[in-house]
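Hi everyone, thanks for coming. Let me put the sequence and the model up on the screen, and then we can walk through them together.

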Amino acid sequence: MDVEDHKSPTSMSNRSSNKKRARNCCFICLALLLLLGLLLLILGLTVFKTKKPVTTVDAVSLDDLDISFDIARLQVHLNVTVKADLSVQNPNRVSFKYDTTSALLQYKGQVIGDAPLLASKIGSRQTHPMNISLTVMADRLLSDSSLYSDVMAGALHLTTYVKLSGVVHLLFKIRVKTSSTCDLFIDVLNRRLLNQTCHYKTKL
């Protein structure tokens, strides 16, 4: 004679209760994950939203400006050091780390001087000062015939260019590029900086 096993009502009730408890725990965990994701999204769009670091040229001056003429060869020998005081402002709530780069001195698009800028880190909401000296490499100008006519006209146009590339770590790594370009107009006769115009650009 076969004997059928019957589950007691208490055992069935316990299993049902355990399943319900496990299901509730899953719903609670899912809700907590959604809330956490929503919180991170809100923080990322507000408090920790990536802001653009800004490079500013505070002052530019000329040192050791010396010009001599080789009339027979229609050449100009130019020696000058451009000193620039820059500041890089990091408005983010996390640090901005930039790579090693160079500040450039240009004449009509040609690089005639440079100065290295070593990699560094700018803290949260801090402004980092930079003092650079750019000396003209005279040999790079000897073959440029337009320099002679510019100097004879009494005005010389040079350009400084600084570009910083780095990362800001928020919820994930974000690449940032900030640059400054300054057009310098030099009064050759009086050996002084006549005017300067600077432009700034930042890209995320």
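How many disulfides does the structure hold? The structure holds one, where a disulfide is a pair of cysteine sulfur atoms within 2.5 Å. Before I go on, a word on the source. This is a predicted model, so I use local features only at pLDDT of at least 70 and side-chain atom pairs only at pLDDT 80 or more, while totals for chains, interfaces and linings use all residues. Residues are numbered from 1 along each chain as its sequence is written, and side-chain values use heavy atoms, with hydrogens and water left out.

The partners are Cys182 and Cys198, with their sulfur atoms 2.0 Å apart. The pair links distant parts of the chain: Cys182 sits in strand S9, Cys198 in strand S10 (residues 192–203), and 16 residues separate them. When I say strand, I mean a DSSP run of E with at least two residues, numbered from the N terminus. The torsion about the S-S bond of Cys182 and Cys198 is about 105°, so this disulfide is right-handed. Cys182 is buried, at 0% relative accessible area. For the record, buried is under 20% relative accessible area, exposed is over 50%, and partly exposed is in between, with a 1.4 Å probe and protein chains only.

Cys29 is in no disulfide either, as its nearest cysteine sulfur, in Cys25, is 6.5 Å away. Cys26 counts as exposed at 52% relative accessibility, and Cys29 is partly exposed at 45%.

Let's stay with strand S9 for a moment, which covers residues 173–187 and includes Thr178. Is Thr178 buried or exposed? Thr178 is buried, with a relative accessible area of 1%. The side chain of Thr178 makes a polar contact with the side chain of Thr55 at 3.1 Å, and also reaches the backbone oxygen of Pro53 at 3.4 Å. A polar contact here is a pair of N or O atoms within 3.5 Å; within protein, one must be able to donate a hydrogen and the other to accept it, and residues adjacent in sequence count only if both atoms are side-chain atoms. Not counting residues up to four places away in sequence, Thr178 touches several others, among them Val54, Val162, Leu164 and Thr202. Contact means heavy atoms within 4.5 Å.

Now the strand pairing. Strand S1 (residues 54–70) and S2 pair in the antiparallel sense over 14 bridges, and two strands count as paired if DSSP finds at least two bridges between them. Val54 stands opposite Gln89 in S2. S2 is also joined to S7, again antiparallel, by nine bridges. There, Ala84 stands opposite Ile132 in S7.

Ile132 brings us to the inside. In soluble globular proteins, nonpolar side chains tend to be buried together. The largest nonpolar core has 41 residues, and Ile132 and Leu156 have the most contacts inside it. Strand S2 (residues 75–89) gives this core its largest share, seven residues. By nonpolar core I mean a set of buried Ala, Val, Leu, Ile, Met, Phe, Trp, Tyr and Cys residues joined through side-chain atoms within 4.5 Å. Leaving aside neighbours within four places in sequence, Leu156 is in contact with residues including Leu78, Tyr107, Leu184 and Ile186.

Next, the rings. A search of the whole structure finds one aromatic pair. Phe96 and Tyr98 form that pair, which is tilted, with 6.1 Å centre to centre and 40° between the planes. Rings of Phe, Tyr and Trp (its six-membered ring) pair if their centres lie within 6.5 Å; planes under 30 degrees apart count as stacked, over 60 as edge-to-face and the rest as tilted. Both Phe96 and Tyr98 are buried.

Finally, some loops. Leu118 lies between strand S5 (110–117) and strand S6 (120–122) and is exposed, at 65% relative accessible area. Beyond its neighbours within four places in sequence, Leu118 is in contact with Tyr98 and Thr100. Lys108, in the loop between strand S4 (101–107) and S5, has phi near 50°, a positive value in a residue other than glycine. Lys108 counts as exposed at 56% relative accessibility.

Thanks, and I'm happy to take questions.

Terms used: Helix = DSSP H or I, 4+ residues; strand = E, 2+ residues; numbered from the N terminus.
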